[in-house]
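I set out to keep short notes on one structure, taking its overall make-up before its local details.

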Amino acid sequence: MALLRRRKASEAEKAQHSGSKSDKEIERTDEENDKNISNRKKAKKAKFEGKKKWSCVDSCCWFIGCICTVWWILLFLYNTMPASIPQYVTEAITGPLPDPPGVKLRKEGLTAKHPVVFVPGIVTGGLELWEGHQCAEGLFRKRLWGGSFGEVYKRPLCWVEHMSLNNETGLDPSGIRVRPVSGLVAADYFAPGYFVWAVLIANLARIGYEEKTMYMAAYDWRLAFQNTEVRDQTLSRIKSNIELMVATNGGKKAVIIPHSMGVLYFLHFMKWVEAPAPMGGGGGSDWCAKHIKAVMNIGGPLLGAPKAVPGLLSAEAKDIAAARAMAPGFLDNDLFRVQTLQHVMRMTRTWDSTMSMIPKGGDTIWGDLDWSPEESYVPRKRKQRDNDSQTAEQNDTDTLDSQKKGINYGRIISFGKDVAEAPSSEIERIDFKGAVKGNNVANITSCDVWTEYHDMGIEGIKAVAEYKVYTAGSLLDLLHFVAPKMMARGDAHFSYGIADNLDDPKYEHYKYWSNPLETKLPNAPDMEIYSMYGVGIPTERAYVYALSPYAECYIPFQIDTSADGGKEDSCLKDGVYSIDGDETVPVLSAGFMCAKGWRGKTRFNPSGIQTYIREYDHAPPATFLEGRGTQSGAHVDIMGNFALIEDIIRVAAGATGEDLGGDRVYSDIFKWSDKINLPL
């Protein structure tokens with residue numbers, strides 16, 4: 001009995017102990033549950049706050065997404081609505097629209113006569129992939145350039161890799177083949193809804209032209225001109241197609257219509273086709289006389305474009321600099337692991353064609369520290385809208401104050417606004433060419449993108465800024481200093497001087513063929529050459545630069561957007577000095593050769609080819625329903641200018657420059673040309 005009582009007591013004690021333990025565990029469990037609930041609430045709150053707090057990248061993605069969405073919706077609606085609606089609304093606002101040039105001239109009885117050849121400029125021609133690396137899987141014969149540009153934001157680094165050329169040869173990188181799109185579709189539209197040649201092609205078709213009488217001379221615009229023949233035999237194809245078109249059209253000569261850099265490319269072609277093989281096409285000195293009626297250059301940078309300089313120096317221009325000023329550091333940031341401007345610079349510095357547009361003629365053409373042909377220029381406030389007028393009033397808005405002060409346009413690059421405006425006698429310059437490179441700005445192994453600036457070092461960068469001001473003559477030294485590899489390739493394909501003696505055998509080399517100041521026009525006295533370009537738009541001419549505030553892995557120079565003229569009509573805005581032009585090419589570059597260099601029989605035009613200047617004064621569209629307008633003088637939008645299209649169609653149908661009325665000039669191109677002391 002005692003044993004039984006002890007066992008019961010022991011069990012009761014265990015039960016009591018077990019009960020007390022369970023209570024403690026329950027209490028502990030309750031505490032843990034409370035803690036978990038609290039943690040979940042905190043996590044939920046933090047997650048909610050994280051959603052509320054957007055980063056810069058989130059904002060940028062949202063902003064870009066909204067713009068793209070709105071753009072595509074508007075484009076969809078515009079293309080789906082009946083064509084009569086925008087026309088009806090526009091006519092209700094501005095009055096009846098004129099007939100398109102093709103319709104107007106067909107009513108006059110004009111029909112297709114001379115075959116037409118289009119020569120596109122830089123960036124406007126489509127490029128497609130024929131061979132690529134693994135990251136480009138599925139892109140065979142898809143456009144990498146032109147079209148929707150979908151691969152830019154789908155796989156940006158892969159796109160940059162495939163759009164770049166070999167930094168040593170300027171040709172294809174190993175395992176990559178990107179080739180120009182062929183046919184009229186190569187450059188009719190640059191992107192959906194953004195025409196280049198499409199409007200001109202459509203109007204030519206209205207008087208009877210079709211694909212057998214029109215030819216798009218597409219080429220890989222990234223390559224040096226001679227390399228398009230070395231790699232793709234493009235020059236030979238152009239020669240063969242022109243010969244075929246002339247032969248199948250009853251011997252009627254072709255009308256050539258180059259645009260932008262295509263003007264320089266075709267100038268190179270005219271020398272190549274005459275030159276003996278293997279360097280040239282072996283067509284003989286009379287090939288152009290037999291096959292070409294007229295060359296109608298549109299927006300041609302015959303003497304280069306100052307806009308090319310900041311593109312090579314800092315991968316920017318006026319618009320990019322302004323965008324960077326609105327969002328400081330954004331384009332320089334490692335956005336999505338893509339250092340935007342550095343990748344752009346690495347890619348574009350492999351495109352040798354960009355060096356064809358470096359200003360030519362040095363200080364003789366573009367001016368020096370104290371002089372430029374365009375000195376005392378004042379922007380016109382009143383613009384002529386009627387492009388059918390054959391005459392225009394000259395700029396009469398000059399003031400005595402502006403003439404006294406003037407702008408030193410010859411100083412294409414100035415480090416500081418004070419340097420751009422100071423008398424040359426007060427500028428203390430330290431020659432940069434002897435500066436010792438080294439002492440890297442950064443450990444380049446930490447930089448995702450290598451540029452040649454990494455080899456310059458701090459001392460080299462400072463030396464460039466301490467030279468303070470660069471004219472067209474010293475720009476070449478600057479580019480050789482900051483980008484020696486790029487310029488080494490450029491020196492093999494391009495030249496920028498003025499020939500002393502054009503009979504010197506050295507000018508038979510192809511590097512001189514795209515410089516009108518170092519080559520002769522063909523022996524074709526019956527041929528005509530036109531310079532057709534827009535005027536009345538502020539166009540980049542000179543720049544105020546500053547050292548970049550970023551120390552590592554960044555481009556060390558940038559346009560100083562804080563430099564401003566202080567007045568609404570000032571020629572200095574956001575660090576850029578503007579002059580009259582088409583927004584890309586200044587009047588001086590587009591018009592000088594036809595105004596003076598080639599006018600009459602000169603050493604550059606020994607056979608006396610007739611030259612004409614046809615300027616188109618810019619008038620923006622009256623409403624957004626007009627699209628890009630029918631009287632635009634902008635560099636690309638001019639391709640839809642009705643007056644320009646009418647001039648082209650008339651010449652293609654058999655008219656001469658005299659039939660068009662000769663020169664039509666709104667700018668001061670003849671006055672500026674007279675100021676240039678160039679032996680003719």
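The entries below go from the whole chain to a helix, a helix pair and a sheet.

**Basis.** I worked from a predicted model, in which local features need pLDDT of at least 70 and side-chain atom pairs count only at pLDDT 80 or more, while totals for chains, interfaces and linings use all residues. Residues are numbered from 1 along each chain as its sequence is written, and side-chain values use heavy atoms, with hydrogens and water left out.

**Overall.** I looked up the secondary structure and found 24 helices and 19 strands, taken as DSSP runs numbered from the N terminus (helices H or I, at least four residues; strands E, at least two). Buried residues make up 51% of the 680 residues, where buried means under 20% relative accessible area with a 1.4 Å probe, protein chains only. Among contacts (heavy atoms within 4.5 Å) between residues at least 6 apart in sequence, I noted that 76% join residues at least 24 apart.

**Helix α22.** I then checked helix α22 (residues 642–652), which is largely enclosed by the rest of the structure because 10 of its 11 residues are buried. At the N-terminal end Asn 641 caps α22, with a side-chain oxygen 2.9 Å from the backbone nitrogen of Ala 643, and just after α22 I found Gly 654 with a positive phi of about 120 degrees.

**Helices α9 and α10.** The axes of α9 (residues 234–248) and α10 (residues 261–274) come within 11 Å and cross at roughly 80 degrees; axes are lines fitted to C-alpha atoms, for helices over the stretch in contact, and angles run from 0 to 180 degrees between N-to-C directions. The two helices are therefore roughly perpendicular, a term that covers 65 to 115 degrees. I listed the residues making the contact, including Ile 238 and Ile 242 of α9 and Phe 269 and Trp 272 of α10. They divide into eight nonpolar, three polar and one charged, with Asp, Glu, Lys and Arg counted as charged, Ala, Val, Leu, Ile, Met, Phe, Trp, Tyr, Cys and Pro as nonpolar, and the others as polar.

**Sheet.** I traced an open sheet of three strands in the order β3-β2-β4, with antiparallel pairing; strands pair if DSSP finds at least two bridges between them. The edge strands are β3 (143–145) and β4 (177–180), and the twist averages 45 degrees from one strand to the next. Helix α6 (residues 156–163) packs on the sheet, touching β2, β3 and β4.

Key. Buried means under 20% relative accessible area, exposed over 50%, partly exposed in between (1.4 Å probe, protein chains only). A polar contact is a pair of N or O atoms within 3.5 Å; within protein, one must be able to donate a hydrogen and the other to accept it, and residues adjacent in sequence count only if both atoms are side-chain atoms. Angles under 35 degrees count as roughly parallel, over 145 as roughly antiparallel, 65 to 115 as roughly perpendicular and the rest as oblique.
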